[in-house]
Amino acid sequence: MQFFTEYRVFCMLDQIKYTSAGLDNLPHWFLQLAAPSLSLQLRHLFNLSLQQSIVPRQWKSSITLTCSDYRPISITPILARLMEKSIVKDYLYPTFMHPDYSYLFQDQFAFRPTGSTTAALIYLLHTLTELLQTHDYVHVIALDFSKAFDSVRHHSLVSKLANLPPPTIFTTG
């Protein structure tokens, strides 16, 4: 079964909002205007990438913007962002919300419809406050996994995701 259809890719391209181009220098307006011509080829590329669990090397390259007061921002190509957004929305969100598995993701804040750094900090503060009511002190160990996904074996990740229930878009009933 093909996850991406030509029509779906066309709609994704046609509805691109203003955004910065990545290293491929394909601006949002060009992709939007060329949607009728590019949809079929991009559908094939997106499906091939998904089926083989391989992200094109060019989509992994990014422009990194650094401002002294903020952490660096990486700008990946628009096509990579479109595909990632679609996969997260249709594969990960339903799994996070599935009643049988939602308990596994209670402390997961990234890639969730309601997740944010603010939600993570509120959860941490609440947990610490509760622990301090019954303990004299609490140790907090903070780890930065911001580059962790760069070292993940994507094939292993996809294999583990395959053991979770399929999203409702693929089930019949």
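1. A nonpolar core is a set of buried Ala, Val, Leu, Ile, Met, Phe, Trp, Tyr and Cys residues joined through side-chain atoms within 4.5 Å. Buried means under 20% relative accessible area, with a 1.4 Å probe and protein chains only.

2. This is a predicted model: local features need pLDDT of at least 70, side-chain atom pairs count only at pLDDT 80 or more, and totals for chains, interfaces and linings use all residues. Residues are numbered from 1 along each chain as its sequence is written, and side-chain values use heavy atoms, without hydrogens and water.

3. The largest nonpolar core has 16 residues. F4, L13, F46, L79 and L82 have the most contacts inside it. Helices α1, α3 and α5 each supply at least two residues of this core. The largest share, five residues, comes from α5. Helices here are DSSP runs (H or I, at least four residues), numbered from the N terminus.

4. Look at L79. Leaving out residues up to four places away in sequence, L79 touches L13, L26, L31, L42, F46 and W59. Contact means heavy atoms within 4.5 Å.

5. Now take α1, residues 6-14. Its buried residues are V9, C11, M12 and L13. They pack against α2 (28-33), α3 (35-52) and α5 (78-97).

6. The second largest pocket has a volume of about 400 Å³. Of its 14 lining residues, C11, M12, Q15, L82 and K85 are the closest to its centre. The largest share of the lining, seven residues, comes from α5. A pocket is an open set of points on a 1 Å grid where a 1.4 Å probe fits, with protein on both sides within 12 Å along at least five of seven lines; lining residues have an atom within 4 Å of a point. The volume is the space filled by probe spheres set on the points.

Terms used
Buried < 20%, exposed > 50% of the residue type's maximum accessible area, 1.4 Å probe, protein only.
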